[in-house]
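Please load the model in your viewer and keep the selection panel open. The stops below are meant to be taken in order.

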Protein chains: 2
Amino acid sequence: MSHAAASQRLGSVHSHLQMSPCAAQEEPRVKTPMESMSEEREKATFDVRELTYYLDGGEKFTKVREKFMMELERDPTFRMHDMYDLTKDQIRERTMEKFRTIVHYVSAEPVPIFTMRMQTISLIDPGFWTRFGVHFGLFFGALRGSATSSQFSHWVSKGALALNGMVGCFAMTELGHGSNVAGLETTATFDEASDQFIIHTPTITATKWWIGGAAHTATHTVVFAQLIIRGKRYGTKSFVVQLRDPKTYTLMPGINIGDIGKKMGRDGIDNGWIQFTNVRIPRTNMLMKHTKVSRSGDVKEPPMAQLTYGALIQGRVAMVVDSGNISKKAVTIAGRYAAVRRQFSSNPLDVQETKLIDYAIHQYRLMPLLAQAYAFHFTGVETNKLYDALMDQLEGSQPDDDGLQEVIETLKETHATSAGLKAFCTWSTLNAIEACRQTLGGHGYSAYTGLASTYNDFAVHCTWEGDNTILTLQSGRYLVNCYREALAGRTQPEGVSYLNHMDSLLNQGCAVKNSEEILSFDIIQQAWGVVTANVVKKAGDDFEACLKQGMNPEGAYEECSQARLAAAKIHSFGYVFRRFADAVKNAPEGLKTVLTKVCLLYGLYSIEQNAGFFLQYRYFTPSQMDYVRAQVNVFCREVRQEYIPLIDAFNYSDYMINSPLGVYDGNVYQKYFDQVKRQNPVGREHPYLPMMQTLLTRSIEDDEPLEDDDDDDE
Amino acid sequence: MSHAAASQRLGSVHSHLQMSPCAAQEEPRVKTPMESMSEEREKATFDVRELTYYLDGGEKFTKVREKFMMELERDPTFRMHDMYDLTKDQIRERTMEKFRTIVHYVSAEPVPIFTMRMQTISLIDPGFWTRFGVHFGLFFGALRGSATSSQFSHWVSKGALALNGMVGCFAMTELGHGSNVAGLETTATFDEASDQFIIHTPTITATKWWIGGAAHTATHTVVFAQLIIRGKRYGTKSFVVQLRDPKTYTLMPGINIGDIGKKMGRDGIDNGWIQFTNVRIPRTNMLMKHTKVSRSGDVKEPPMAQLTYGALIQGRVAMVVDSGNISKKAVTIAGRYAAVRRQFSSNPLDVQETKLIDYAIHQYRLMPLLAQAYAFHFTGVETNKLYDALMDQLEGSQPDDDGLQEVIETLKETHATSAGLKAFCTWSTLNAIEACRQTLGGHGYSAYTGLASTYNDFAVHCTWEGDNTILTLQSGRYLVNCYREALAGRTQPEGVSYLNHMDSLLNQGCAVKNSEEILSFDIIQQAWGVVTANVVKKAGDDFEACLKQGMNPEGAYEECSQARLAAAKIHSFGYVFRRFADAVKNAPEGLKTVLTKVCLLYGLYSIEQNAGFFLQYRYFTPSQMDYVRAQVNVFCREVRQEYIPLIDAFNYSDYMINSPLGVYDGNVYQKYFDQVKRQNPVGREHPYLPMMQTLLTRSIEDDEPLEDDDDDDE
């Protein structure tokens, strides 16, 4: 029963609403949204700017990011306010317009800086980010990774890097084939007489499908096909095929292409399907860095197939980083709105309604997501470092190098870790986006408040570049192997170090006697260690039992797949917590107190959400679980105290957030209203007036015969 | 390394793909998608048709539903294949075209039959369902529920029922106010001199917002506003206000309306915002069935405010029913695709890849969702019955009736139950849709496969007509009250009957000694009873403790809100299981075996997902929880045996499913490809050719100055 936001009274001009600047004096006890926001900033006990620097890896990088944000905001091609209302064709056209701007930087900026630029762009326009990634990451990346050096020079000279006369796509998946690359049906048959390969789509299920850029923009593609020479199959290899004339965009002979059409999100990518009908290409269009085919059709296989994993890992690492970034964006929108939106009041004496964030349940909905955003941010940073180190190792080693076996071990570990984390972080982030969207109440359903499209754009991460379930199972398989290795006495790497002292861990219980003692990184880390060791042991023992029953290893893995899934999930929780805890330990002194709170919340909340495992393996007793629950509530309240400064530290400009409910100054209603009006101007012609007139002014006699049935009506 | 679906070989005509009918003979060991589907149907151990009749409530109703499905499929206005590609204006126009067809049936069909018609429509076009519901459920429903009989006759005579010269909307929520109806800011000030009310929007946050139908279609609205007479506020009441001239659609004086624009889903509804600037309406436009205002401005309040809850409950019950229906649709799509899609092989001797559904993990992803769809279906049926019984009671009782108190008790129970179930079922269904979507792999991201829009359309259920979190808290509050009543010795109603024997329940443990004994409805029901009693007790005790610390009840409820949330959630699990178990007990003999399996899976899987509570309150020991987990796996496999017949029993036609991956005959690839081609015809003009030409043929010298920086490039 309030006059909420009464300071935003209507002016006297009836057709236009304005805020009265002196309204606050008229009713001094009611706060404006901006005042509601400001008071949150006064609660900071730490230097927000210092935290931003720490998150970005130093002041230098913060400055670079801020430069990028400003450049994007001022670039008319990157205008974002109208994105939610564009048609599919309009978004696609704008996507390609952006290439011109960005291609300059590809050669002008060092890779780490350019990567930061692209990460910035990924936050506001994931569709463009992907289309760009299709050319530079997948198409050009395939050239770099799979072409010989002379092949690579050839394609660069044709314009593959400068995007001149050529833009590429990547034709791997088929209508009937996704994750199983070995099962692809498209064929590349060697014709020795002409020294050509014949690329062919033999069945409807072999149609290349989902190919980003194929529908309207790509002139060339790297196609994955079964290499066939003299009737013998050599497995899936990659080939460059021209699709279109770059001047006229007419299709080359034998190429049949269509548009995949509307998608859940990322409509800026013109995904298409491609059928090849006996398309001939020179033999040298096969990318031959690894497997080579000679003029006479002899095949030379590479010594080490694993070395091609690098590109896969890069995509997964990028998605872990994106999970952190998008989580921060979602929490910024939901968090700022919760500081301003008021509803009901638990105290009848209040003159205005209560802020959403002052409800315990709202804190419980949002604060763990804020903590998770921090956890994923630091995990992204660490995973990136792992990947860079791996690449350095790989580039520094030769096939006949002594150290290569060690590199391959690191590669296997990074591959499994990145697979599990990609799945874990993208799933958790997708859930977090939806949870944040729902905290906006009805307004979360508006396109303009931003989280609906964030969800739709992000959702694809869960199924592409390795379906999450399959990746999680792969990670679980790695854990089973590590467990068996550890049982055999071999020391396991840092990521699974809990397997190195299983004897002491497996039956360990927690000794804490009150809810204070549970507030310890060591206890939490031990808790995850014990539970993960048990869950991994369960998967490993199940696997062993299957082998003993006479199953082959593949059958045994299949049989224990649910245990593998659980193992990988629990492992990821512990892994992410450790990354967060490390980041807290390494943080500047002035940030340690607040980051410790956020990290404790993440650790305890994760335990609460997985209580079944901790009770099952008796690490915690039911009373100790009650301590955990009690402390989750305490730390939701603690973190809430300075949660707006914690969000501000993410340092996303209003342009980047692109949601009127997430604006920095808290003036949410005015900006939301302005946005809705700008995109849907009042007074435009009624779009379907004749139909409404026909409906409402139809002759009522038309309906009369039906009225005889009134007896049946009840 | 397979030739999967090799039977779908390309014909010799290079531009058109066809299936070769004799392919199966050429490679007899490889099954077509249709064969893969047929073999699933052979596994049925029950009569699918009999199950359909049971689900529908009898053969008679199945026939009615089938009649509706056929009528809709043949009605060109209800064509659905192009829905995913329509613009917002196009969808809205088509939405209103459908009114003409449907308005006939409003008066022609008995209410239960018409309700079934609308439920059928809700599955294929939720946007139309809602827009129709705005007029007939909300606008016309408000007239029926809140107008005096002479007022009601007046509006019917003006065309409110026949939709002639008038179409309505419902202006309750405001930009700054959602769930808290008492906090609305719009005012209705009585002007005694003119015998009029002045409807006015005093602030920007008072702007009516999200009003379905306001943007372009409604001519009238029921508006909720603060009744003010001689400076005194009497709370929120409802008033009929004309918005537009039904012939020209020009706005009435003082009315300012705009389009809310793009939404996450249901774009067929033209949601708008409305501002009233001193709009004068006759006093008699206030709906006066309950509160009355006389010519001289005297106010007469109704004796029983609760009696207006009925309409709220109806909306929630409809969403419980919708949850079941949409769950069945999602599972149909995901389930049928999983019977046909093949990927990898766990047996190297197989000539073709393995069906998705034959992977244990895929069974674990889908079978519990199938079980949940059944559980929600039966819950919807029962909730509907509860609601009908309540309405009968309400209509049969008078304000001075002796039995009224009893009716009000039933009303309170139904209100709390429907609130909790609405939240529980819509949340679970939204998750189920996304989970089903992800089981389609990459194809789930296509608009044409149906689940992306199903998600986007359904998501609004979680925040409208009572935000789910708030409803769950309300349900938790009811449980706390029941608990305290039970403590005071008063017998509680059936829905919370576990509170009537708390003493025996609270510390009860389970006695089963092996995984066979756990397969019992009684054990599962007792498990939920014990855990729910404990969780509700926890919330109740927390509440009591807060009161003892001197908090007022509102503060105490707020303080224990997380415990309330947990109590309501666990209560709902147990409630839904009981509804399912009852339906199995009442099923025809021939269906009992299969339904028992599905019900056991639902019960055990739900326990597994909430293992923390069962271990916390020591109903199950860790070993017994292992029995539960083991049996979940067993029953995933069991239900998988005849899961296609179980899906077929839902009896949705291909038209209703509207997804090429969910077609009955299993011919998914051909139909998916056909759909994509029909909606995106090959050979249409390149939509942004000039831009691509400009990009690819630009003078490369443009980029040259940047190349000086090459030294920095690494």
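**Conventions.** This is a predicted model, in which local features need pLDDT of at least 70 and side-chain atom pairs count only at pLDDT 80 or more, while totals for chains, interfaces and linings use all residues. Residues are numbered from 1 along each chain as its sequence is written, chains are lettered from A and ligands numbered from 1 in the order in which they are written, and side-chain values use heavy atoms, with hydrogens and water left out.

**Stop 1: the two copies.** Select chain A and chain B.

**Stop 2: the interface between the chains.** Select the residues of each chain that are in contact with the other, contact meaning heavy atoms within 4.5 Å. The selection holds 164 residues of chain B and 164 residues of chain A. Because 100% of the interface residues of chain B are also interface residues in chain A, the copies meet through the same surface.

The area buried between the chains is about 13800 Å², with 57% of it from carbon and sulfur atoms; buried area is the accessible area (1.4 Å probe) that two parts lose on being put together, summed over both. On the chain B side, highlight Tyr445(B), Tyr688(B) and Leu696(B), which lose the most area to chain A and together give 6% of what that side buries.

**Stop 3: polar pairs across the interface.** Between chain B and chain A there are 62 residue pairs in polar contact, both residues at pLDDT 80 or more. A polar contact is a pair of N or O atoms within 3.5 Å; within protein, one must be able to donate a hydrogen and the other to accept it, and residues adjacent in sequence count only if both atoms are side-chain atoms. Next, colour helix H5 (residues 88-108) of chain B, which provides the largest share of the side that touches chain A, 13 residues. Helices (H or I, at least four residues) and strands (E, at least two) are DSSP runs, numbered from the N terminus.

**Stop 4: salt bridges.** The whole structure has 90 salt bridges over all chains, and 8 salt bridges are counted between chain B and chain A. The criterion is a side-chain nitrogen of Lys or Arg within 4 Å of a carboxyl oxygen of Asp or Glu. Select Arg637(B) and Glu559(A), a salt bridge with its closest N and O atoms 3.9 Å apart. Then select Arg684(B) and Asp259(A), whose side chains meet in a salt bridge at 4.0 Å, N to O. This pair crosses between chains, from the loop between helix H23 (668-679) and helix H24 (689-696) of chain B to strand S7 (residues 255-259) of chain A.

**Stop 5: the domains of chain A.** Colour domain 1 (78-301) and domain 2 (309-648) of chain A separately; these bounds come from an automatic or database domain assignment. Their C-alpha centres lie 34 Å apart. Where they meet, 13 residues of domain 1 are in contact with 21 residues of domain 2. The two domains bury about 1400 Å² between them, 58% of it on carbon and sulfur atoms. Tyr84(A), Leu123(A) and Arg266(A) supply 43% of the area that domain 1 buries against domain 2, more than any other three residues.

**Stop 6: a loop residue.** Finally, select Gly178(B), in the loop between strand S1 (168-171) and strand S2 (187-191) of chain B. Not counting residues up to four places away in sequence, Gly178(B) touches Arg341(A), Gln343(A) and Thr173(B).
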